[in-house]
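Here are my notes for you on this structure. Keep the model open beside them and look up each residue as you go.

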Amino acid sequence: MAVPSDYLSYERSIRHREKHIDIVAVIMIVLGAIEVLIGLAVSGLFVFAGLESGQGDPALRIVFPLMAVFVLLVSLALSIWQFLTGWGLHRRTRAARISTYVLGGLFCLNPMLIPVGIYALWAVAGEIANMAFGSFAPARPAPPVAQGVHSDPVNRQPTPLPPEPRTRR
């Protein structure tokens, strides 16, 4: 998206992108909560499967609960990551923006979360998002000034530069 040329368009574009960043932040927090619920459900299934099938083989009594703990820890880690990213996006931190790039890429690996991943990547990318996160584009360079003079901003008249100091011997 091209950067608008006038100030009001800048303000409008920044406010518009900030709304999208806030939406992505809420999506991250909600997906983190859903991740915890799914992790609990899958862990419960592993524990239940271990209790049912482990009556004949004692090794299965150990393997299934270990798998349940592993799934639960991974889902908790991902959900905490998503929650912290959402919280950081609300506060407009740079770490949350970088984390959104990573999570957006991971979401694109899941066929059900591809639209969420693309939307998250779009919301935090570009010059308008840079401005929404507080880093502004550098100002346009000043027009070139003749060698040996500099401009006076008050009078808008070129004034000569002071002479170079002489070196003492």
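The numbered points below go from the whole chain down to single residues.

1. Ground rules. This is a predicted model, so local features are reported at pLDDT of at least 70 and side-chain atom pairs at pLDDT 80 or more, while totals for chains, interfaces and linings use all residues. Residues are numbered from 1 along each chain as its sequence is written, and side-chain values use heavy atoms, with hydrogens and water left out.

2. The overall plan. The protein chain has five helices and two strands. Reading from the N terminus, the order is α-α-α-α-α-β-β. Helices (H or I, at least four residues) and strands (E, at least two) are DSSP runs, numbered from the N terminus.

3. The protein chain has 169 residues, and 25% of them count as buried. Buried means under 20% relative accessible area, exposed means over 50%, and partly exposed is in between (1.4 Å probe, protein chains only). The accessible surface of the chain is about 12,100 Å², with 69% of that belonging to carbon and sulfur atoms. These areas come from the Shrake-Rupley method with a 1.4 Å probe; for residues, only the protein chains shown count as cover.

4. Who touches whom. Take the contacts (heavy atoms within 4.5 Å) between residues at least 6 apart in sequence: 59% of them join residues at least 24 apart. Not counting residues up to four places away in sequence, Val36 touches Leu76 and Ser79. Val36 counts as partly exposed because its relative accessibility is 25%.

5. Helix H2. Does the length of H2 agree with its residue count, or disagree? Its 34 residues should span 50 Å at 1.5 Å a residue, and the end C-alpha atoms are 51 Å apart, so the two agree. The expected span is 1.5 Å times one less than the number of residues. The buried residues of H2 are Phe64, Ala68, Ser75, Ser79, Gln82, Thr85, Gly86, Gly88 and Leu89.

6. A nonpolar patch. Val69, Leu73, Leu76, Ile80, Phe83, Leu84 and Trp87 make a nonpolar surface patch of about 700 Å². Patches are made of residues with over 30% relative accessible area and no salt bridge; like charges are joined within 9 Å, and nonpolar side chains (Val, Leu, Ile, Met, Phe, Trp, Tyr) within 5 Å. Leu84 sits in H2, residues 58-91, and counts as exposed because its relative accessibility is 53%.

7. The salt bridge. How many salt bridges does a search of the whole structure find? It finds one, and the side chains of Asp22 and Arg92 form it, at 3.1 Å from N to O. The pair links distant parts of the chain, 70 residues apart: Asp22 is in helix H1 (residues 7-53), and Arg92 is in the loop between H2 and helix H3 (94-107). A salt bridge here is a side-chain nitrogen of Lys or Arg within 4 Å of a carboxyl oxygen of Asp or Glu. Asp22 is partly exposed, with a relative accessible area of 28%, whereas Arg92 is buried at 18% relative accessibility.

8. Another look at Arg92. This residue follows H2, and its phi is near 60 degrees, a positive value in a residue other than glycine. Why flag that? Most residues other than glycine have a negative phi.

9. Aromatic pairs. The whole structure has two aromatic pairs. Phe46 and Phe64 form a tilted one, 6.3 Å centre to centre with 35 degrees between the planes. Phe46 lies in helix H1 and Phe64 in helix H2, so this pair ties together parts 18 residues apart in sequence. Phe46 is partly exposed at 21% relative accessibility, and Phe64 is buried at 18%. The rings of Tyr119 and Trp122 count as stacked because their centres are 6.1 Å apart and their planes are at 25 degrees. Rings of Phe, Tyr and Trp (its six-membered ring) pair if their centres lie within 6.5 Å; planes under 30 degrees apart count as stacked, over 60 as edge-to-face and the rest as tilted.

10. One turn apart. Tyr119 and Trp122 are both in helix H4 (residues 114-124), three residues apart, or about one turn of the helix. An α-helix has 3.6 residues a turn, so residues three or four places apart point the same way. Tyr119 is partly exposed at 23% relative accessibility, and Trp122 is partly exposed at 40%.
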